[in-house]
Amino acid sequence: MPEKTRLLVLDDDRAHAEAAAESLERAGYDCSIAVSGTEGLRRLEEGGFDLVLTDLVMRDVSGLEIVRRARALSPETEVIVMTGYPSYETALEAMDEGAYDYLNKPIDLNILRAKIRKAVEKQKLVRSNVELKKQLDRRYGFEGILGGTERMQAAIDTLRQVSPSNATVLILGESGTGKELVARAIHVNSARRAHRFMPLNCAALSETVLESELFGHEKGAFTGASYTHKGRFEAAHGGTLFLDEIGDLPSAIQVKLLRVIEYGEVFRVGSNDPIKVDVRLLAATNRDLSVLIREGRFREDLYYRLKVVTIELPPLRDRLEDIPLLVQAFIEEFSTKYGHKAPEFTPAALELFYDYGWPGNVRELRNCVESMVVLDKDGRIDAEDVPRYVKSPEGSDSPSGVGGVNLEEGEKESIRKALAKCEGNREKAARMLGIGERTLYRKIKRYGFN
Ligand SMILES: Nc1ncnc2c1ncn2[C@@H]1O[C@H](COP(=O)(O)OP(=O)(O)OP(=O)(O)O)[C@@H](O)[C@H]1O
Ligand SMILES: [Mg+2]
């Protein structure tokens, strides 16, 4: 027998409160009554109600205050307000404060029960979705970031820890390793989630455009500036600004960015008036900033400002053990999207996936799975259904445009080093590389090590 839904009925007219409660008890709910706003607030503090039904106009405390309190104490608790006179506006105000619905007095008990039933159904749905998402995250990762390997788990742990703070985070990783995914996860797990997440790709724009995109410009600041433009910093006020490909930021803008970080204010191009901004900064790059610093192309002081916390996302070839998990998740995602039955992924196909270098990382894997799901005819993805470039990465038809040779050399080198460090102990070396022992054996054979 599932637990009864608990309701609090709050009305300073005792007869009304009792009539409503009685009718709801008969409909199978567990009702408590409070006959003043103060008593209502006290009951709310005690907690444990799934739903609150409150009068809007009471002698001691306004119904709006009750709505606010109830939502603040327990966001899951739904509130329905009763309005004694046709004051549509107060009811709307209550909805703005987070009330689920409102009812006009005198209360029609049938309507009341229908509304409560709907609110409870919605609540159950929300709870089961939240629960489902939690279960998935517990098993596979966090906020859709999948990864069970040690390095991914470490990245996810840091992400969880750093999200609620205001710290600047530098996210490092090759293309397609999930840098933007991580940036969005940080934002939605911070108190800034109600404000904007504003991404800006620093490599995509010319220096002048980038400058006015970031900081804004005044009307007439330069030829063609025919209106005043608020920059991304101002637009992201209260929220998060994600500067992607930060390694490509021109030096003049690096200086200005440093200033914003230090003083928390921006100057629009063509203006000398500082504008205060409250923005959390996240930055990402697939380049090696230490090399850029050495070459004089990236300011060291800015680098230290950005890397208060660093999250490094490993390339997929260093976490081959995550492949089955990712493949399964993407098969499910695209089967649902295209209305197909999820195809079976055979071990022979998986084997080919392990052997490929995935220069485009998770993005490439995801696209690859999408195409295989779309093209699937017999509900089975076998070796022959795997795209040719995955089977023969050295071939000229690699979609990445990156030669397979360098990657392979890199991989070979990593394996050589790992084996040396672990004094030839393959089990240890595999663990160090974040790959399965079987995979390591195969690679050792392929590269002709002994
Ligand atoms: N760990 C992961 N789990 C699930 N999906 C992932 C993961 N990493 C990346 N993806 C998916 O791969 C794609 C690319 O991710 P994202 O855009 O975050 O990469 P990126 O590092 O920002 O790449 P780039 O440097 O090219 O901008 C997205 O569709 C994303 O959902
Ligand atoms: Mg990106």
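1. Where is the place of D244? D244 sits in strand β12, residues 240–244. Helices (H or I, at least four residues) and strands (E, at least two) are DSSP runs, numbered from the N terminus.

2. This is a predicted model; local features need pLDDT of at least 70, side-chain atom pairs count only at pLDDT 80 or more, and totals for chains, interfaces and linings use all residues. Side-chain values use heavy atoms, without hydrogens and water, and residues are numbered from 1 along each chain as its sequence is written.

3. D244 is buried but has no salt bridge. Buried means under 20% relative accessible area (1.4 Å probe, protein chains only). A salt bridge needs a side-chain nitrogen of Lys or Arg within 4 Å of a carboxyl oxygen of Asp or Glu. The nearest side chain of opposite charge is K179, 5.7 Å away. Contacts of D244 (heavy atoms within 4.5 Å) include E180, L200 and C202, leaving aside residues up to four places away in sequence.

4. Now the sheet. Five strands form an open, parallel sheet in the order β2-β1-β3-β4-β5. Its edge strands, β2 (30–34) and β5 (101–104), each pair on one side only. Pairing requires at least two DSSP bridges between two strands. β1 (residues 6–10) and β2 share 5 bridges. L10 has A34 in β2 as its bridge partner.

5. Helix α1 (residues 14–26) packs on this sheet, touching β1, β2 and β3 (51–55). Its direction makes about 175° with that of β2. Axes are lines fitted to C-alpha atoms, for helices over the stretch in contact; angles run from 0 to 180 degrees between N-to-C directions.

How values were computed. Chains lettered and ligands numbered in written order. Buried < 20%, exposed > 50% of the residue type's maximum accessible area, 1.4 Å probe, protein only. Lys, Arg positive; Asp, Glu negative; His and termini not counted.
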